[in-house]
Amino acid sequence: MAPLVVPPKRPKTLLPKARILLGIDPGTTVMGYGVVQQTGQALQAIQYGVIRLHRYATHALKLQKIFTRVQSLVDDFMPDEVALEAPFYGNNVQSMLKLGRAQGVAMAAALARDIPITEYAPRKIKQAVTGNGNASKEQVAHMLLSLLQLPQMPDLLDASDALAVAVCHAYQGAAAARQSTSWAQFLQQHPERVRSAT
């Protein structure tokens, strides 16, 4: 009987790991979201849209809707990371306060699912996508048409803004991942903040 010959093992091809990124453009009337898959340098839009909040009578109801919808997006798409646009500074203090609450609720919804979060200034997002920190929303949307090969321009620019947040985060790569935070990471870095339940 001839000896059994075992063929040499072929080296495994290392494929780049795909990661799912959820971008959020917080708002109290319309909130944009965009889900992007990053595989190596390649980016693909998975889903994008808006959450319409104008029909809710009170600010508290709007915040509740933001929380439940963001958690629903996290549960549906299981993103590896969430990126948000930071509120810009304006003259209307009340509007800034409401926008900050909307962003905080969206952040809390992701953190409650233990998803790392990162926030970016609007100027940094525009710079990352178009190369111009002063670009208009329309210029950002047109650049995304090419970058993500979208079939058409999103109906509302809040959706394209959210996609831009996800694309900006993808471009940040490992640096953004190091700056992101989650409850688990926070507790690991600050063990003195943990109290026993006695």
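The expected span of a helix is taken as 1.5 Å times one less than its number of residues, and helices here are DSSP runs of H or I of at least four residues, strands being E runs of at least two, numbered from the N terminus. This is a predicted model, in which local features need pLDDT of at least 70 and side-chain atom pairs count only at pLDDT 80 or more, whereas totals for chains, interfaces and linings use all residues. Residues are numbered from 1 along each chain as its sequence is written, and side-chain values use heavy atoms, without hydrogens and water.

Which residues of H1 are buried? They are His59, Lys62, Leu63, Ile66, Val70, Gln71, Leu73 and Val74, where buried means under 20% relative accessible area and exposed over 50%, with partly exposed in between, for a 1.4 Å probe and protein chains only. Because these residues cover an arc of only 165° around the axis, they sit on the same side of H1, the arc being that of the directions from the helix axis to the C-beta atoms. On the face turned away from that buried side, we find the exposed residues Ala60, Gln64 and Asp76.

As for partners, the buried residues of H1 pack against strand S1 (18-25), strand S2 (30-39) and H2, with contact meaning heavy atoms within 4.5 Å. Finally, just after H1, methionine 78 takes a positive phi of about 45°.
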